Amino acid sequence: MTAQAGARPATEPSPRPAATRKADRAARHTFRSHRVLPALAAALLMTAAGVLTAIEVISAALKGSVHIFPYGWVRDANWDGVYARAVFAALALIGVWFLLAAVLPGRSRIVPLHGRDPSLMMGVSRRGLKRSVAAAAEGAPGVSGVGRVRLGRRRVRVVAETPVREPAGLDAEITEAVRDRLDRLDPLPARSVMVRMKHREA
């Protein structure tokens, strides 16, 4: 038997001083994922293309082209054919992927915490925050264990296990315990809590 509790909304932050808002922005920026792997892949591809083009141009200027690029295939290719369009579509998708990787923030392994000093930034690992949430849920009465904790950008989902067949009100207590733990840690941004109960015999 499973029971699901509605999400409890995140605590609305009260108006914070300018220094506090500045500290929050600094923490978000510091712990933001910098997309190292996509940037490295793009840099390697651009470097390889530049080196090959330079070799081809220099060798052609010296009247001894090494023919790195298949000029014959390019000259004889059917640019309106299916294969050519497939290649163009693949290149366009790769370009869009690199563009989105550069513009959209990645999922950082560190969750920033609310602070008051812009020069002092604090964070907790995603794994550490999940463990803290699981510990808070396990501390609620009637909970035998926590099956899974999912940490989203705006929501925390908890699957709690209980030997109680009719856990009326237990989900609300777990939600309250998890919410209190999140309020103490104060991660950025604030997250709502959703609890799902799963019956399991002790």
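Accessible areas here come from the Shrake-Rupley method with a 1.4 Å probe, and for residues only the protein chains shown count as cover. On that basis the chain exposes about 13400 Å², of which carbon and sulfur atoms supply 62%. This is a predicted model, in which local features need pLDDT of at least 70 and side-chain atom pairs count only at pLDDT 80 or more, while totals for chains, interfaces and linings use all residues. Residues are numbered from 1 along each chain as its sequence is written, and side-chain values use heavy atoms, with hydrogens and water left out.

**Overall architecture**

- The secondary structure comprises six helices and six strands; helices (H or I, at least four residues) and strands (E, at least two) are DSSP runs numbered from the N terminus.
- The order of elements from the N terminus is β-α-α-α-α-β-β-α-β-β-α-β.
- Of the 202 residues in the chain, 29% are buried, where buried means under 20% relative accessible area, exposed over 50%, and partly exposed in between (1.4 Å probe, protein chains only).
- A contact means heavy atoms within 4.5 Å; among contacts between residues at least 6 apart in sequence, 66% join residues at least 24 apart.

**Nonpolar core**

- A nonpolar core is a set of buried Ala, Val, Leu, Ile, Met, Phe, Trp, Tyr and Cys residues joined through side-chain atoms within 4.5 Å.
- The largest such core has 22 residues, and those touching the most other members are Val133, Val156, Val158, Ile174, Val178 and Leu182.
- At least two residues of this core come from each of strand S2 (110–113), helix H5 (126–138), strand S4 (145–151), strand S5 (155–162), H6 and S6.
- Leaving aside residues up to four places away in sequence, Val156 touches partners including Val133, Leu182, Val193 and Met194.

**Helix H5**

- H5 has 13 residues and reaches 18 Å from its first C-alpha to its last, close to the 18 Å expected at 1.5 Å a residue; the expected span is 1.5 Å times one less than the number of residues.
- Its buried residues are Arg126, Leu129, Ser132, Val133, Ala134, Ala136 and Ala137, and their cover includes S2, strand S3 (122–125), S4, S5 and H6.
- Ser132 has a relative accessible area of 15% and touches Arg181 and Leu185, not counting residues up to four places away in sequence.

- Because they lie four residues apart in H6, Asp183 and Arg179 are separated by about one helical turn.
- Asp183 is partly exposed at 35% relative accessible area, whereas Arg179 is buried at 2%.

**Backbone features between H6 and S6**

- Most residues other than glycine have a negative phi, and most peptide bonds are trans.
- Asp186, in the loop between H6 and S6, has a positive phi of about 60° although it is not a glycine.
- The peptide bond from Leu188 to Pro189 is cis, with omega near -10°, and Pro189 lies in the loop between helix H6 (170–185) and strand S6 (192–199).

**Surface patch**

- Val96, Leu99, Leu100, Val103 and Leu104 form a nonpolar surface patch with about 450 Å² of accessible area together.
- Patches are made of residues with over 30% relative accessible area and no salt bridge, like charges being joined within 9 Å and nonpolar side chains (Val, Leu, Ile, Met, Phe, Trp, Tyr) within 5 Å.
- Leu100 belongs to helix H4 (residues 82–103) and is partly exposed, at 44% relative accessible area.

Technical notes: Salt bridge = Lys/Arg side-chain N within 4 Å of Asp/Glu carboxyl O.
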